[in-house]
Amino acid sequence: MTDLLLKNIRPMGRETADILIRDGKIAEIGAGLDAPGVVVEDGQNALVIPGLVEAHTHLDKTTWGMPWYAGRKGGVLQDLIDNERNERVPLGLDVHRQSMRHAIALIGTGTTHIRTHVDIDTDHGLSLLEGVLKTREALAGMIDIQIVAFPQSGLMVRPGTLELLDAAMAAGADIVGGLDPSSMDRDPKGQLDAIFALAQKHDAPIDIHLHEPGELGAFTMELILERTQALGMQGRVGVSHAFHLAMVPPARIEALMERIAALDVSIYSTGHPSANVPSLKAMRAAGIRVGIGCDGIRDTWGPWGEPDMMHRARIVGMKNGFRRDEELELLLDTASGAGAASIGVAGHAVAVGSAADLTLLAGETLAHAVVLQEPRPLVIKGGAVVARAGHAVIEAP
Ligand SMILES: [Zn+2]
């Protein structure tokens, strides 16, 4: 672990101060700090926030840095899933190389924690997971990576997938994934009972992609909440997308959000531009732990996205109709400190005793920093400088 004296920064946009880091943790915050023998970095009056948190992405999917992929299909979910599963090998999508490119780009743009879903299916077995596990090992100390074993092609509809998920958890995945239990598997009880049992077996959290619209999504959400309560899994269940929370009548949304908060289920939103997305302000006001993520970037599904949580925060902000400074500050918090809490990382803050996982931002205020498209001046992980002027200190393959 590392010692560092970070001079001339504005913690959370407040007055200029210094931060002394000892053994990878924030030891002191104050004006005019001195620490003989400790390496000094001059922050040049940049803002400093807890490192950005990518709460929902797919490191095993991007074509970043590869030749342009021109084979993307139309918008039917099953076509997109099948296209990706069939195209991976012919495309030469080397998951270790691609996940390195993706994760190193995220380091360069100030992300210190990633939760990634990794496809587990009966065509590829655990091979995609192996590529991401290698990346996690290669980048240990530079970025923390949580891995969700994700049944992208369905669970009950593809026999053998549950056994592969079990093997993935034994091989190093951290979190049991799920996908549209009603619309994909047409067997919500089957899928949910199976993944909750697997999570109990491995003493692991759960993260379920739930795109199901309207009342169908609300029904599935109720099944998830029932199981969370019955199995005492409060604080260990997350639901990604949850489009239904923007589609059913307002009174139903309010009741669902109240129950989601009471059972401490996290919601991950990507601000999906072509879907109804739950209101960030309503979720935060209800007391729900919320994280945001880029989802897949430039993959076989879609051409859009950047490996940059500030870019994603702007999309989420626009989708939520944010204008006022306090809304932009809420957004930045959801992309950093609160986002960390949503993936089970406690105490992610610019505070004495916290891990020195810090991102410097250009801007006059936190709100200004959200809209400025400027490189991050400095990124610090565990007290070590891991990126400067928008670029990670290691080269991507
Ligand atoms: Zn996703």
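**First stop: the hairpins**

Select Leu5 and Leu20: Leu5 stands opposite Leu20 in β2. This is a predicted model, in which local features need pLDDT of at least 70, side-chain atom pairs count only at pLDDT 80 or more, and totals for chains, interfaces and linings use all residues. Residues are numbered from 1 along each chain as its sequence is written, and side-chain values use heavy atoms, with hydrogens and water left out.

Now select residues 4-11, which are strand β1, joined to β2 by four bridges and running antiparallel to β2. Strands (E, at least two residues) and helices (H or I, at least four residues) are DSSP runs, numbered from the N terminus. Two strands pair if DSSP finds at least two bridges between them. The hairpin of β1 and β2 has five residues between the strands, and in this hairpin Met12 takes a positive phi near 55°.

Move on to residues 17-22, strand β2, which pairs with β3 in the antiparallel sense over five bridges. Leu20 has Glu28 as its bridge partner in β3, and Arg22 has Lys25. Two residues lie between β2 and β3 in their hairpin, and Asp23 in the turn has a positive phi of about 50°. Five of the six residues of β2 are buried, and the strand is mostly covered. Buried means under 20% relative accessible area, exposed over 50%, and partly exposed in between (1.4 Å probe, protein chains only).

**Second stop: the open sheet**

In what order do the eight strands of the open sheet lie? The order is β3-β2-β1-β4-β13-β14-β15-β16, with mixed pairing. The edge strands are β3 (25-30) and β16 (391-392), each of which pairs on one side only.

Within this sheet, select Val379, which lies in strand β14 (residues 378-381). Val379 has a relative accessible area of 0% and is therefore buried. Show what surrounds Val379: leaving out residues up to four places away in sequence, Val379 touches residues including Ile107, Thr112, Leu358 and Val386. Contact means heavy atoms within 4.5 Å.

Which residues coordinate the zinc ion? Select His56 (NE2), His58 (NE2), His209 (NE2) and Asp295 (OD), which coordinate the zinc ion at 2.1 to 2.4 Å. Donors are N, O and S atoms within 2.8 Å of the metal (3.2 Å for Na, K and Ca); water is not among the atoms, so sites may look incomplete. In the sequence panel, the donor residues are spaced H-x1-H-x150-H-x85-D. His56 and His58 are both buried.

Why does the arrangement count as irregular? The four donor atoms subtend angles of 86 to 176° around the zinc ion, so the arrangement is irregular. Four donors count as tetrahedral if all angles lie between 85 and 135 degrees; four count as square planar and six as octahedral if opposite donors are over 155 degrees apart and all others between 65 and 115; anything else is irregular.

Strand β9 (residues 206-210) pairs with β10 in the parallel sense over five bridges. From β9 the chain crosses through helix α6 (residues 214-230) to β10, in a right-handed β-α-β crossover. A crossover is right-handed if, with the strands pointing away from the viewer, the path from the first strand over the helix to the second runs clockwise.

Select residues 237-241, strand β10: five of the five residues are buried, so β10 is largely enclosed by the rest of the structure. β10 also pairs with strand β11 (residues 266-269), in the parallel sense over three bridges. The chain goes from β10 through helix α7 (residues 250-262) to β11, and this β-α-β crossover is right-handed.

**Last stop: two single residues**

Is Phe219 buried or partly exposed? Phe219 is in helix α6 and, at 38% relative accessibility, counts as partly exposed. Leaving aside neighbours within four places in sequence, Phe219 is in contact with Ser182, Pro188 and Arg252.

Finish at Asp119 in strand β6 (residues 111-119). Asp119 is buried, with a relative accessible area of 2%. Show the side chains of Asp119 and Arg88, which are joined by a polar contact of 3.4 Å. A polar contact is a pair of N or O atoms within 3.5 Å; within protein, one must be able to donate a hydrogen and the other to accept it, and residues adjacent in sequence count only if both atoms are side-chain atoms.
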